[in-house]
Amino acid sequence: MAFPLIASPGPIAAISTLLQTSLRVEKDQWLSAEELAALQETRLRQMLVEAARTRYYGAALCESGITDPARFELAQIGRLPFLDRQVIALHGLESFLTVDRAGLIDVMTSGSTGTPGHFLRHKLEEADYSARWWRVYSAFGCKAWDSQINVAIVNKPDRAGPITFLRRMGVLPRIERMGSDAAPEDVLRKVRELAPPILTGYAGAIEALAEHVLATGARVPPPRAVFCTAMEVTDRCLELAEEAFQAPAVDVYVTNEFGVIAWSCPARRNVLHVNDDAFVVEVVNPDGTPVPPGTLGELVVTSLGLTSMPLIRYRMGDMAARLPETCECGRGLGLLTRVHGRTAHAIRRPSGALITTPWVTSLFGRAMAHTWVRRFQVREEPGRHLRFLVDVRRPPSEVQRHTLTEIVESSVGADFEVAIEIVDRIPVAPNGKLQFLVPLPRDEQTAA
Ligand SMILES: [Zn+2]
């Protein structure tokens with residue numbers, strides 16, 4: 001057995017791991033960029049040594065000519081193959097495991113890109129996920145004993161991990177969960193009742209709640225910060241949340257597979273710090289070659305902490321650009337632009353250029369349409385048609401509607417025929433998230 005110690009961790013081992021991990025994670029964010037790069041290389045080597053024992057990576061490393069993973073260099077990471085859900089499905093989960101499956105917990109991800117994901121990890125690996133959340137919370141003045149309201153999916157069971165254990169024991173406050181499709185007045189009632197120092201949730205749900213607070217003039221006890229997750233977090237969402245709750249709004253780039261990957265710098269909201277101590281995050285072109293710093297590309301993530309089921313060069317489908325500068329806040333963690341949604345959720349112009357959510361939001365901003373638009377969704381349809389579905393807070397004047405139409409048409413009219421339609425309601429997807437852009441499936445795009 002490879003891991004006799006963690007094969008059956010008791011609560012004491014789990015809590016001890018959590019404490020040690022939290023202290024390390026808290027400290028490591030202040031390492032210099034050079035120290036972090038050295039740490040990444042060490043952790044990458046350790047992870048690759050484990051990965052080499054799996055059926056899939058054993059063969060893949062050989063094929064890439066990597067005979068000694070213990071001496072692998074960070075700069076060579078491009079030699080390792082990309083990973084995605086299809087590759088995992090093709091080879092089977094068992095081909096990626098270094099330990100017996102029985103001791104692992106299931107992690108499912110929503111199928112917002114078409115293919116739901118299934119991953120496995122060890123309970124003790126959860127400690128690192130919790131510690132990275134606490135890094136974000138504590139950067140914004142939150143404490144481990146703070147209660148929180150989380151507006152996301154309610155029926156998602158708590159995963160077995162040390163934090164869950166501590167919550168069940170009553171050592172940590174429970175998380176009050178509300179559905180992202182709950183009526184904003186119900187969420188507001190709960191927020192006023194509990195006055196939680198931590199308010200967190202899907203960006204769309206937080207935005208709807210903030211709008212409700214502003215529209216009704218409700219007085220809300222300010223949380224320490226509002227954490228927006230799970231889909232593209234727009235500027236509009238952050239602005240509304242700060243205005244409504246009189247607290248900093250934080251953009252957290254987090255996925256079920258990896259946990260918190262990047263998060264708003266407390267000193268400047270518009271850039272994200274990458275958790276470089278836990279991941280190697282690359283930004284690549286569609287052909288997989290690296291893009292230069294400052295250029296938008298697809299994010300590719302390698303976890304340095306997952307060894308039960310290593311995830312190496314996993315294609316996220318999300319887009320962002322690396323920023324080369326160092327940060328004034330003193331953290332050595334690298335910087336990333338805000339994340340521009342999924343490549344699968346971007347609409348392609350005939351030139352190949354992408355229409356992304358922030359870009360569409362900027363059109364609405366230029367048209368001052370936020371005064372009357374509550375939510376929108378842009379649907380691509382065959383024959384190069386774009387339908388802008390708009391859920392309005394009040395009917396626009398002729399001038400307002402005309403201004404928006406004109407700005408949209410002058411921006412995409414050469415490539416698409418545009419229709420702006422006022423609808424009663426834009427439904428959230430079954431996974432509880434609002435999809436702003438709905439492109440045609442790839443095969444229909446080429447036919448269109
Ligand atoms: Zn910073």
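## Sheet and zinc site

In this predicted model, strand β13 is joined to strand β14 (residues 335-337) by 2 bridges, and the two run antiparallel. Within this pairing, Arg322 is placed opposite Leu336 of β14.

Both strands belong to an open sheet of 9 strands with mixed pairing, in the order β4-β3-β5-β6-β7-β8-β9-β14-β13. The edges are formed by β4 (175-179) and β13 (322-323), each of which pairs on one side only.

| Helix | Residues | Strands concerned | Direction |
|---|---|---|---|
| α7 | 184-194 | touches β3 (148-152), β4 and β5 (198-202) | about 165° with β4 |
| α9 | 235-245 | lies across β5, β6 (225-229), β7 (249-255) and β9 (268-274) | about 130° to β7 |

The model also contains a zinc ion, coordinated at 2.1 to 2.3 Å by Cys265 (SG), His273 (NE2), Cys327 (SG) and Cys329 (SG). The arrangement is tetrahedral because the 4 donor atoms subtend angles of 101 to 115° around the zinc ion. Along the sequence, the spacing of the donor residues is C-x7-H-x53-C-x1-C. Since His273 belongs to strand β9 and Cys329 to the loop between β13 and β14, the pair ties together parts that are 56 residues apart in sequence. His273 and Cys329 are both buried.

Key:
Residues numbered from 1 in each chain as written. Predicted model: local features only at pLDDT ≥ 70, side-chain atom pairs only at ≥ 80, totals over all residues. Heavy atoms only, no water. Pairing = 2+ DSSP bridges. Helix = DSSP H or I, 4+ residues; strand = E, 2+ residues; numbered from the N terminus. Contact = heavy atoms within 4.5 Å. Axes fitted to C-alpha atoms, helices over the stretch in contact; angles between N-to-C directions. Donors = N, O, S within 2.8 Å, 3.2 Å for Na, K, Ca; no water. Tetrahedral: all angles 85-135°; square planar, octahedral: opposite > 155°, others 65-115°. Buried < 20%, exposed > 50% of the residue type's maximum accessible area, 1.4 Å probe, protein only.
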